[in-house]
Amino acid sequence: MCKKFYPFIVICAANFLLTMHNCYAAPLGLPKNTAKIGYGIGAAYISVDDPDGDTNNSLAALPFNFIHTDWLVSDIRYWTELYYYQTTLDADANNIGQDVESYGIRFSLQKSFRWTRSWSPWLGAGIDVSNASYTVRHTVDSDGYLIQAYPDREETNVSLLLNIVSEWSLRRDWTLGAKLEQSIPISADIIELSAIITILYRY
């Protein structure tokens, strides 16, 4: 049961660190107003490593992604993202179908690289801590009749993240962005390749 609260512990620790950074950013000589908050929406190609058998992959919508980012030092920033999604893996005779629900926090450090005169993407690496539940687990025959039902399960997932983010100025203090990200399981049954479009406000 305690595993359900791991993401919240991580969120509280991250918020403390971000507050401390804001207190000391000015003495470090960083530019003012580098913090941004925003929202993202996108999709992910998801696969689940089910302990009881094979599964089909799923293309899932990512409707809820809340973002905060700020510089740490010149050309290096952190990226924090709270998220939630749910999706369904189709069942058949050889693959366990199930409903997947996941929420958590992603934290990355990103560095800006000037690749061309007009393009300076942020490349990053980080960690994802989430709580995932897998319900209505079952297999069916070719006519759609139930073959076997499996108990629901729940777990805390921990994964490494690799990402790239591009941003374009819209108007004063507003930017449009795009993020491509791959998760690499450490202690997790979910693997994601995701892409989201972001809108960020500098404050």
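**A first look at the fold, its core and its spaces**

1. Leaving out neighbours within four places in sequence, Val100 has contacts (heavy atoms within 4.5 Å) with Val48, Tyr85, Gln86, Thr87, Leu89, Ser133, Tyr134 and Ile190. Three of these partners, Tyr85, Tyr134 and Ile190, will come back in point 4.

2. Before going on, a word on the source. This is a predicted model, in which local features need pLDDT of at least 70 and side-chain atom pairs count only at pLDDT 80 or more, while totals for chains, interfaces and linings use all residues. Numbering starts from 1 along each chain as its sequence is written, and side-chain values use heavy atoms, with hydrogens and water left out.

3. Now the overall plan. The chain has 1 helix and 9 strands (DSSP runs of H or I with at least four residues, and of E with at least two, numbered from the N terminus). The chain has 203 residues, and 41% of them are buried (under 20% relative accessible area, with exposed meaning over 50% and partly exposed in between, for a 1.4 Å probe and protein chains only). Among contacts with a separation of 6 or more, 61% are between residues 24 or more positions apart.

4. Where do the residues of the largest nonpolar core come from? This core has 18 residues (buried Ala, Val, Leu, Ile, Met, Phe, Trp, Tyr and Cys joined through side-chain atoms within 4.5 Å), and Ile46, Val48, Tyr85, Val100, Tyr134 and Ile190 have the most contacts inside it. At least two core residues come from each of strand S1 (36–48), strand S2 (58–73), strand S3 (76–89), strand S5 (122–140) and strand S9 (190–202). S3 gives the largest share, 4 residues. As background, nonpolar side chains tend to be buried together in soluble globular proteins.

5. Next, have a look at Ser159, which sits in strand S7. Is Ser159 buried or exposed? Ser159 counts as buried because its relative accessibility is 4%. Beyond residues up to four places away in sequence, Ser159 touches Gly126, Ile127, Asp128, Ser183, Ile184, Pro185, Ile186, Ala188 and Ile190.

6. A cavity is a set of points on a 1 Å grid over the protein atoms alone where a 1.4 Å probe fits but cannot get out; a pocket is an open set with protein on both sides within 12 Å along at least five of seven lines, and lining residues have an atom within 4 Å of a point. The whole structure has 1 cavity of 30 Å³ or more, and the largest cavity holds about 70 Å³ (the space filled by probe spheres set on points joined across faces, edges and corners). S5, S7 and S9 each bring at least two residues to its lining.

7. The largest pocket holds about 360 Å³ of space. It is lined by 22 residues, with Lys36, Trp71, Trp122, Glu167 and Thr175 the closest to its centre. S2, S7 and strand S8 (174–187) each give at least two lining residues, and S7 gives the most, with 5.

8. Finally, Pro151 lies in the loop between strand S6 (146–150) and strand S7 (153–171). Pro151 counts as exposed because its relative accessibility is 59%. Arg137 is 14 residues from Pro151 in sequence, and their C-alpha atoms are 6.7 Å apart in space.
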